[in-house]
Amino acid sequence: MSGLDNIPVNVEAPAMPFGSGNTGAILAELETSLQTLLTSGKEHSIDLRSLPLLPGELDYLRERLGKGEVQVDVNALGHSTVIETAIRGVWWVTHRNAIDNVMAEFLEVSFCPDIIRAQRDDVRESLETLAALLAGDNHS
Amino acid sequence: MNRRPTIAEQLARQGISRRAFLKFCAATASLMALPPGMAPAIAEALGKIRRPSVIWLSFQECTGCTESLTRSHSPTVESLIFDMISLDYHHTLQAASGEAAEHAREEAMKEPGYLVLVDGSIPIKDGGIYSTIAGISNLQMLKDTVENAAAVVSIGTCAAFGGIPMANPNPTGAAGVQALMDQGLIARKPVINVPGCPPIPAVITGVLAHYLTFGAIPPLDALGRPLNFYGDSIHDRCYRRPFYDQGKFAKTFDDEGARKGWCLFELGCKGPTTHNACATTKWNDGTSFPIESGHGCIGCSEPNFWDAGSFYKALSAPADPLSFAAGAAVAGAAVGVGMSFMNRAKKSSAKAAHETATLKDLEK
């Protein structure tokens, strides 16, 4: 929680006859990326913080993409959420730090985002841990 | 050097899991304004490089740059990056004082190849007596420290371009680090300029992370600023840009246009001639940036911003729109124009060619 959250602010959406044009571009990029994922298996990721978006446009994007069936919490260096959007294969990934501020936010196009997968070295270590556990059990 | 652990080892020692490391690399890529696909390359690089020694020198400055950094909004990433370096001397942050502090600096200097961070300008008038640390003039300390450095990072507009201490009439003869190298007063080393008053904390750490990760100076613009943060003008990345394009301008700070969030160009916004990452990285936990709060950009990441005329006077431009597009807008109180993003050598000749232009001229 940042201290700023305690300040009551009522943001009025400015009277916008048009948007920044970036939400349409993001959706189009997602379309291309999904196509690429299907044909070549190549994953893609869009850094949402690198784009100038008008106030409210991030919410608009969230609304347009909807919510899918999968929501994963990752507790590593603070809390991260990986939420599948209603557009399957498009994941909304939010990385937060130890005090819950957003560090990075991505739209990932993949069958399963890397952060969820167990890594090979981790599995190797797990095997050793489990073997040690079993050896301990056999001794007692 | 080889005795130092690699950065990945350092993080593992702190109990950072592989998944956390992956997250760290993704956040670092975002911080460095690199494409997200670079995260695996960052992870690989961090597994190889060793923790470098860093000496931070503060000269004629207000400590705003250090404040900006230490109050940065994502302490996890920033503090991890600081765990990645060995900050051997920083006279505001270090616990040691007096002779012990200076001794730490001398010790760190024994092993060449360290990184020197400088905030504040360096006074050179009257033998540099206007600012001293432990009886050593800033100029002498910088000269000694830079001698065996791998590179220098000038943090803030004062270290990069002289900043406010150098503002008219510049009573102390203040100069930035690059200027001292150009004058042959200190050894020439690669310089990365990270201007801003202060610079955005994420930009400071992003530049450091880039240097640490890739062991190289990032691509720079003509003023020595990393292109991934200073490559675009505030104006080009501004969310109010569509209003500019439609010719919708706030005329005063409380008119209908101001309330509707129209473009602040006519109120003196220096966004078109200022290169920085404020419009996308933003400030205070990504909350907003000056233009989003209703005030024009004052151009603090450009040289001589303080002497460039009123913050509230609309930018004027050279009559020839092509040279404006090529980046030839120039600073100068006399003509009241905005900040320069061209090299210093071209400045005086360009200055003569400038005249006040109207908004119409800009849009030609």
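1. Leu48(A) sits in the loop that links β1 (44-47) to α2 (57-65) in chain A; helices (H or I, at least four residues) and strands (E, at least two) are DSSP runs numbered from the N terminus. This is a predicted model, in which local features need pLDDT of at least 70, side-chain atom pairs count only at pLDDT 80 or more, and totals for chains, interfaces and linings use all residues. Residues are numbered from 1 along each chain as its sequence is written, with chains lettered from A and ligands numbered from 1 in the order in which they are written.

2. Leu48(A) is buried because 22 C-beta neighbours lie inside 10 Å (20 or more other C-beta atoms within 10 Å is buried, 12 or fewer exposed, in between partly exposed; C-beta atoms are placed from the backbone). Beyond its neighbours within four places in sequence, Leu48(A) contacts Leu58(A), Glu105(A), Phe106(A) and Leu107(A); contact means C-beta atoms, placed from the backbone, within 7 Å. Its C-alpha is 9.1 Å from that of Ile26(A), 22 residues away in sequence.

3. Ile26(A) is also among the residues through which α1(A) touches α2(A), together with Asn22(A), Thr23(A) and Leu27(A). On the α2(A) side are Glu57(A), Tyr60(A), Leu61(A) and Arg64(A).

4. Between the chains, 33 residues of chain A are in contact with 31 of chain B. On the chain B side, α2 (18-31), α5 (75-84) and α15 (278-281) each supply at least two residues. The largest share, 9 residues, comes from α2(B).

Methods
Two residues are in contact if their C-beta atoms, placed from the backbone, lie within 7 Å.
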